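Student: I have a structure open and would like to go through it bit by bit. Can we start with how some of the helices pack?

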Amino acid sequence: MSVVSFYYFVFLAIVYLCYWFCVPRLRWIVLLLASAYFMLYGAQGNIALCGIFAAETLLTWLAALALQKLEQERVKTWVTGSVIVFLVAVLVLYKDLAFFVNNANVISRLTGAGFSFRMPQWAAPFGISYYTLILIGYLLDVRWGIIAQPQRNPWKLLVFAGYFPHLTSGPFTRYGEVEPTLFGTAAWSLRQTQLGLQRLLWGLFKKLVVAERLAVMVSTIYDYKPQPLEDDPYVGLVVVLGAFLYVGQVYMDFSGCMDLVIGTSQMFGIPLAENFCRPFTSTSVSEIWRRWHMTLGFWLKDDLLYPALKSELFARIRKFCKKHWGKQAAKSVPTYLGLFLTWFCVGFWHGGTWKYIFGAGLYFFGVIVGGMLLEPLFQRLIKLLNVNTKAWSWTFFQRVRSFCLFAVGVSIGRRKSLMDGLRAWKTVFTEWNPWVLFDDTIFQLGLDRKDFDLCMAGIGIVALVSILQDRYGSVRELVEKQNLAFRWIVYFGLFLSVLIFGCYGPGYDAADFIYGGF
């Protein structure tokens, strides 16, 4: 069920009324039933796929209770590791098995081994990429004592892991952050409902007014198939333009989805973690990632990178490096290995193909670690050229540079394959076509002048809101402090812009949220 569909808003209205009219101590049951229906709808009525989610959650529930009773650390570690391996194995089986099948077949062809595997035809459980990491995070929090008292009611753990707003595209929820409100008995709040509706409206604006129009231009560039003996017109600087448009589409699409998800949850008085914090004001690629899909970054740092660096294996690596190469190597080499592991997992989670492993993972590992290694050289150049690093122009340069580097990696994930992405970026340096920046090429990407102007105006409004957020904090609270007439002009204007300029209606199928497929 798409969170921009008419059916979703009918569903949300029914759940909202049932939730707040229900006896407070039983409201979590309303969320349980709503989440069960939402998951069953997302699984297209396949009860077996929902059963996989229930089985994984119940296994995690049992393991968490066992950890509380067990005393030997080695046994606790074995229980935790076994359950995590099982959860990851199920995720890989349903989402990323193609990676192993395809690579095994490639190796077979290259070596002449003569074997060939076929990819099983099965559907992945709805939301498995998200609830798997949520369950692993919960189990690790119990193992490390962050959660002092694990949930004893298995039905409540099902509510936590399958809470319907975050099943769509996240955010990755921590049990300790939502437990007081998810199972609490808070009173209904008109203000929370209003703020939630405002957030829903803002998400619809990003998705239907901006992202859907950007999607048309992106599809025109990336999905074009040249006919035999025909040159591909989308090369050179058009590849750069397409990368910028795609990053804009992903941001509007994903952040718009988060607005819808967080706004939905806010209407129930359940705050969810923010997933974006103005990423394009960042001055480095690593900072962009700290501000982009933040809950995934926190999960990877807390549940993968830090545990890996503290593990016995990495302790041995540090000892080896110190013995043979010195203290600096003992510090830096394990860190780089940990970052490599983390970024490989980032790419692999986005999709079990090399275009994601490289474009969303190893490429950024190379950029970030390369920047760390070359930092002394950069500092010398800055000093040699007498660059004023306090000036606004330097900050602007850093932001543009970081955005361009970010766009290169992200855009590769939109290509058909890794090689297709690398060939496309090769043309940026081999095909000289600067005229595309000045002729009507931009208006030949599927949008007429009216839709293009609407799209650019929408991007401008989002950018303006980001600037206001950077200066004043919450824009919703800023508007809330204004006079009644001004507030309603803003709200009604936003509503009309979605109603009049949004891409929806009979015969129109809004594109699925990009991160819903990861």
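**Helix packing and a pocket**

Tutor: The axes of helix 14 and helix 15 (residues 354–384) come within 6 Å and cross at roughly 155 degrees. That makes helix 14 roughly antiparallel to helix 15. Angles under 35 degrees count as roughly parallel, over 145 as roughly antiparallel, 65 to 115 as roughly perpendicular and the rest as oblique. The model is predicted: local features need pLDDT of at least 70, side-chain atom pairs count only at pLDDT 80 or more, and totals for chains, interfaces and linings use all residues. Residues are numbered from 1 along each chain as its sequence is written, and side-chain values use heavy atoms, with hydrogens and water left out.

Student: What counts as a helix, and what is an axis here?

Tutor: Helices (H or I, at least four residues) and strands (E, at least two) are DSSP runs, numbered from the N terminus. Axes are lines fitted to C-alpha atoms, for helices over the stretch in contact, and angles run from 0 to 180 degrees between N-to-C directions.

Student: Which residues of helix 14 and helix 15 meet?

Tutor: Among them are Tyr336, Phe340, Trp343 and Phe344 in helix 14, and Tyr356, Phe364, Phe365 and Met372 in helix 15. Contact means heavy atoms within 4.5 Å. The residues of this contact divide into 17 nonpolar, three polar and no charged. Ala, Val, Leu, Ile, Met, Phe, Trp, Tyr, Cys and Pro count as nonpolar, Asp, Glu, Lys and Arg as charged, and the others, Gly among them, as polar.

Student: And how does helix 12 pack on helix 14?

Tutor: Helix 12 (residues 294–310) and helix 14 (residues 327–350) have axes 10 Å apart, at an angle of about 140 degrees. The two are therefore oblique to each other.

Student: What about helix 5 and helix 6, at what angle do they pack?

Tutor: Helix 5 (residues 128–143) and helix 6 (residues 154–162) pack at about 125 degrees, with axes 9 Å apart. Helix 5 and helix 6 are therefore oblique too. Tyr131, Ile134, Leu135 and Tyr138 of helix 5 touch Leu157, Phe160 and Ala161 of helix 6. That contact has seven nonpolar, no polar and no charged residues.

Student: New topic. What is the volume of the second largest pocket?

Tutor: About 930 Å³. Of the 36 residues that line this pocket, the closest to its centre are Trp202, Val465, Gln469, Val475 and Arg476. Helix 9 (190–222) is one of the elements giving two or more residues to the lining, and its eight residues are the largest share.

Student: What classes are in that lining?

Tutor: The lining has 21 nonpolar, seven polar and eight charged residues.

Student: Which peptide bond is cis?

Tutor: The one from glycine 170 to proline 171, with omega near 5 degrees. Proline 171 is in the loop between helix 7 (164–167) and helix 8 (175–182).

Student: And where is glutamine 44?

Tutor: Glutamine 44 is in the loop between helix 2 (27–42) and helix 3 (47–69). Its phi is near 55 degrees, a positive value in a residue other than glycine.

Note on methods
On a 1 Å grid over the protein atoms alone, a cavity is a set of points where a 1.4 Å probe fits but cannot get out, and a pocket is an open set with protein on both sides within 12 Å along at least five of seven lines; lining residues have an atom within 4 Å of a point. Grid points are joined across faces, edges and corners, and a volume is the space filled by probe spheres set on the points.
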